[in-house]
Amino acid sequence: MSSSSGVAPGSTDSEVLLLLVGPLHYVVPRDQVRAIHDRMDTHLPMRSLSELLGFGPARSDDRVLEVEWQGNLRGLAVTGIAGIRQVRPGQLRGLPALVERNCPSMSVLGLVVLDTDTSQERDSDDPGLSWESLAVALDLDCLFREHWPAVPEPQGE
Amino acid sequence: MSESKGEELRRAFENAGLAGDQEADAAEETIQILSFSLAAEWYGFRLRDLIEIIGGVHPTPIPFTPAFIPGVINHRGSVVSVVDLRNVFGLPGRGSGGAGRIVLVTSDDAIVGFQADEISDIVTVPISTVEPPLSTMEKVKASYIEGCIRLPRGLLVLLDSSTLIGELRMRGEG
C-alpha cells in the first residue's frame with residue numbers, strides 16, 4: 001500500500017497541526033473541487049476534518065485533501081497545508097499516559113515535534129525555550145474505519 | 001571518672017534538649033502550598049509536588065479526548081498532559097486556555113499540567129490546620145482533596161495530586 005504523509009493544520013479556535021498518514025493523492029483548493037470532479041464526471045464525498053475529529057465547525061476550510069480509501073477517493077477539507085514532511089518512526093512520540101488512557105480512538109498515532117522557528121532554537125541552549133510545535137499524527141485509514149466508514153451513494157440525476 | 005560522669009550528664013542534657021526541640025518541631029510542623037484560583041475559588045497543591053508554572057502556552061488539542069483534557073504541551077522536550085480542573089470539578093466558565101497559567105505537578109514519575117486562572121502565592125500553614133474535606137462535598141470530588149484550610153481570604157482546597165492524577169487516568173478505563 002502506498003503511503004504518504006503531510007502536515008495540514010486543522011481548524012479550531014487554536015490552530016492544530018495534524019500529521020496525516022495515509023495515501024494522499026491530491027491537494028485542491030476547495031472552490032475548485034466541485035468543478036474538477038464535474039469535469040471528470042466523478043463524485044467526491046467530502047467531510048470537514050475539523051468536524052470529523054470532533055473539534056467543531058472549521059473557521060475556514062480552504063483546501064481539500066483527496067485521500068484514497070478502499071479504492072475510492074474521498075475529500076477531507078482542511079484550513080491549509082503547512083507542508084509535506086518525511087517523518088521517521090523514531091520521531092513519533094506516544095501520548096502521555098493520562099491522555100492515552102482517555103483517548104478511545106486508535107487513529108491517534110501519537111505526536112511529532114516540529115521545529116517551527118529554527119533561528120530561535122539556535123539562539124538558545126535551553127530546549128524549553130525553543131519554538132517547537134506539536135503535531136498530532138493521525139492514521140487516516142483508521143480514522144475512516146472508526147468515524148466515516150460509509151459513504152452515501154451519490155444522488156441520481 | 002568524675003570527668004566521665006560530667007561528660008555523660010552533658011550528653012544527657014544535650015539529648016534532652018534535642019528531644020525537646022524535636023517535639024517543638026513536631027508541634028509546629030508546617031506544609032507549604034502553592035495557591036491558585038479557579039472560578040473565584042481557592043485551590044492548592046503541595047509545593048513539594050510543584051515542578052514549574054508556565055504561562056502563554058496553548059495546549060495542542062488531541063482528538064477524541066474528553067473535555068477535561070484541553071490538550072498537551074511540549075515542556076522542555078517532554079510531552080505533558082494538560083487538565084482543565086474547572087471541568088473536573090464542574091465549576092462554571094471555560095478553561096483559561098493560553099490566557100491563564102499552567103501549574104505543572106509531579107506524581108509517580110508523571111508530570112501533569114493543571115490550568116489555573118491566577119496564581120496567588122505560597123502559603124505556609126501548620127499541618128494541624130488542615131481540616132478534612134467538607135462533608136457537603138461530593139464523594140468523588142472529596143477523594144481528590146487532601147484537606148481544607150481556612151485562610152483570611154477564604155477556604156483553600158488542598159488537592160491530593162497523586163489521587164487526582166490517578167483517578168483522571170482511570171476515567172478512560174471506566
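Two strands count as paired if DSSP finds at least two bridges between them. In chain B, Leu34(B) stands opposite Phe45(B) in E2(B). This is a predicted model: local features need pLDDT of at least 70, side-chain atom pairs count only at pLDDT 80 or more, and totals for chains, interfaces and linings use all residues. Residues are numbered from 1 along each chain as its sequence is written, and chains are lettered from A and ligands numbered from 1 in the order in which they are written.

- Chain B has 4 helices and 10 strands, where helices (H or I, at least four residues) and strands (E, at least two) are DSSP runs numbered from the N terminus.
- Along the sequence the pattern of chain B is α-β-β-β-β-β-α-β-β-β-α-β-β-α.
- Of the 174 residues of chain B, 32% are buried, meaning that 20 or more other C-beta atoms, placed from the backbone, lie within 10 Å of the residue's own.

**Chain B: sheet**
- Five strands form an open sheet with mixed pairing, in the order E8-E1-E2-E10-E9 (chain B).
- Strand E8 (118–126) and strand E9 (145–151) of chain B are the edge strands, each pairing on one side only.
- Strand E1 (residues 30–38) and strand E2 (residues 41–46) of chain B run antiparallel to each other and pair over 6 bridges.

**Contact between chains A and B**
- Chain A and chain B contribute 25 residues each; a contact requires C-beta atoms, placed from the backbone, within 7 Å.
- On the side of chain A that touches chain B, H3(A) gives the largest share, 4 residues.

Notes:
Contact = placed C-beta atoms within 7 Å. Buried ≥ 20, exposed ≤ 12 C-beta atoms within 10 Å, placed from the backbone.
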